[in-house]
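Work through the exercises below with the sequence and the 3D structure in view. Try each task before reading its solution.

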Amino acid sequence: MLRVLMFLVPLALSVYAFIDCISTPDEDIRHMPKPLWAILVLLFPLVGSISWIIAGKKRHPAGAGAPWGGGAGGGGGRRWVAPDDNPEFLKSLDDDKDQEPRKDGEG
C-alpha cells in the first residue's frame with residue numbers, strides 16, 4: 001500500500017500542478033513564461049510541481065476581489081456577495097413581486 005501511495009501522491013501533485021499551470025492566466029504567472037513552467041512540471045514532476053505551487057503563480061489573498069474572471073460576477077475589485085446579503089438582489093425581488101399579477105383576485 002505504501003508503494004502505491006509513493007507513486008500516486010507525486011502523480012496527483014504533478015497532474016494538479018500541470019492543469020493549474022495551463023489554466024492560469026498569463027498575467028498571474030511569475031518568474032518564467034507559462035510554457036517553461038509546463039515543461040518543468042512535466043520533466044521534473046516532484047520538483048517542478050512543488051516549484052510551481054510555491055513560486056510560479058501569483059496568489060490572491062482571500063476575499064480580495066474575484067481572480068476567476070471579468071464576467072458579470074467578478075473582476076474589477078468587486079467581491080461576490082451571497083444573494084441573501086445583496087441589497088440589489090433583494091430589491092429586484094421586491095420589484096418582481098410588485099410587477100407580478102396577483103392570482104388571488106385582489107389585483
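**Exercise 1.** State how many helices and strands the chain has, and give their order.

Solution. Helices (H or I, at least four residues) and strands (E, at least two) are DSSP runs, numbered from the N terminus. The chain has 4 helices and 0 strands. Along the sequence, the pattern reads α-α-α-α.

This is a predicted model, in which local features need pLDDT of at least 70 and side-chain atom pairs count only at pLDDT 80 or more, while totals for chains, interfaces and linings use all residues. Residues are numbered from 1 along each chain as its sequence is written, and side-chain values use heavy atoms, with hydrogens and water left out.

**Exercise 2.** Find which residues form the nonpolar patch on the surface and which helices supply them.

Solution. Patches here join nonpolar side chains (Val, Leu, Ile, Met, Phe, Trp, Tyr) within 5 Å, and like charges within 9 Å, from residues with over 30% relative accessible area and no salt bridge. A salt bridge is a side-chain nitrogen of Lys or Arg within 4 Å of a carboxyl oxygen of Asp or Glu. The members are L36, I39, L43, F44, L46, V47, I50 and I54. Together they have about 800 Å² of accessible area (Shrake-Rupley method, 1.4 Å probe; for residues, only the protein chains shown count as cover). Helix 3 has the largest share, 4 residues.

**Exercise 3.** Is V47 buried or exposed?

Solution. V47 lies in helix 3. Its relative accessible area is 58%. Buried means under 20%, exposed over 50%, and partly exposed in between (1.4 Å probe, protein chains only). V47 is therefore exposed.
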